Amino acid sequence: MRLIDADEFKKQIAGMSIVNNYPADKANKMCELIDCQPIAYDVDKVVEQLEEKILNTSDTQIGISARMAFGKSIEIVKSGGIE
């Protein structure tokens, strides 16, 4: 899987439709399909950023419960938010 810029993709679809005289309703339907897709993200990058935040924050700046919340956040991100 790779991440794309959905808004840019929709602009390209609109441009292609105009250039090729495709019906506007077909281009709109394609854009609706794009909008219906779940948002994808780089799980490893999100987890890395959360772990860095935990490591770069001293115990005096963050309490134990906050560290536990970060840990739980990492679990949720890794599972994709699915319980």
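Me: What should I know about the model before reading the values?
Reply: Residues are numbered from 1 along each chain as its sequence is written. Because the model is predicted, local features need pLDDT of at least 70 and side-chain atom pairs count only at pLDDT 80 or more, while totals for chains, interfaces and linings use all residues, and side-chain values use heavy atoms, with hydrogens and water left out.

Me: How do you know how many disulfides there are in the whole structure?
Reply: A disulfide is counted when a pair of cysteine sulfur atoms lies within 2.5 Å, and a search of the whole structure finds 0 of them. For cysteine 31, the closest cysteine sulfur belongs to cysteine 36 and is 11 Å away, which is too far for a bond.

Me: What makes residues 6-19 a helix, and how does the span of helix 1 compare with the expected one?
Reply: Helices (H or I, at least four residues) and strands (E, at least two) are DSSP runs, numbered from the N terminus. Helix 1 has 14 residues. The expected span is 1.5 Å times one less than the number of residues, and helix 1 reaches 20 Å from its first C-alpha to its last, close to the 20 Å expected.

Me: How do you know on which side of helix 1 the buried residues lie?
Reply: Lys10, Ile13 and Ser17 are the residues in question, and they are buried. They cover an arc of only 55° around the axis, which puts them on the same side of helix 1; the arc is taken from the directions from the helix axis to the C-beta atoms. On the other side of helix 1, Lys11, Ile18 and Val19 are exposed, and what covers the buried residues includes helix 2, made of residues 24-36.

Me: What makes aspartate 5 a cap of helix 1?
Reply: Aspartate 5 caps the N-terminal end of helix 1, with a side-chain oxygen 3.1 Å from the backbone nitrogen of aspartate 7. A polar contact is a pair of N or O atoms within 3.5 Å; within protein, one must be able to donate a hydrogen and the other to accept it, and residues adjacent in sequence count only if both atoms are side-chain atoms. After helix 1 comes asparagine 21, whose phi is positive, near 55°.

Me: Why is serine 17 called buried, and what is it in contact with?
Reply: Serine 17 has 8% relative accessibility and therefore counts as buried. Its side chain reaches the backbone oxygen of isoleucine 13 at 2.8 Å. Contact means heavy atoms within 4.5 Å, and, leaving aside neighbours within four places in sequence, serine 17 is in contact with Tyr22 and Ala27.

Me: Why is the pair of lysine 10 and aspartate 35 called a salt bridge?
Reply: A salt bridge needs a side-chain nitrogen of Lys or Arg within 4 Å of a carboxyl oxygen of Asp or Glu. The side chains of lysine 10 and aspartate 35 meet at 2.7 Å, N to O, and so form a salt bridge. This pair links distant parts of the chain, since lysine 10 is in helix 1 and aspartate 35 is in helix 2, 25 residues apart. At 18% relative accessibility lysine 10 counts as buried, whereas aspartate 35, at 52%, counts as exposed. Asp7, Lys10 and Asp35 are linked in a network of salt bridges, and the whole structure holds 5 salt bridges.

Me: What makes the pairs glutamate 32 with lysine 29 and glutamate 48 with lysine 45 salt bridges?
Reply: Glutamate 32 and lysine 29 meet at 3.7 Å, N to O, and being 3 residues apart in helix 2, they are separated by about one helical turn. For glutamate 48 and lysine 45 the closest N and O atoms are 3.8 Å apart, and both residues lie in helix 3, 3 residues apart, about one turn of the helix. Glutamate 48 is partly exposed, with a relative accessible area of 36%, and lysine 45 is partly exposed as well, with 41%.

Methods. Buried < 20%, exposed > 50% of the residue type's maximum accessible area, 1.4 Å probe, protein only.
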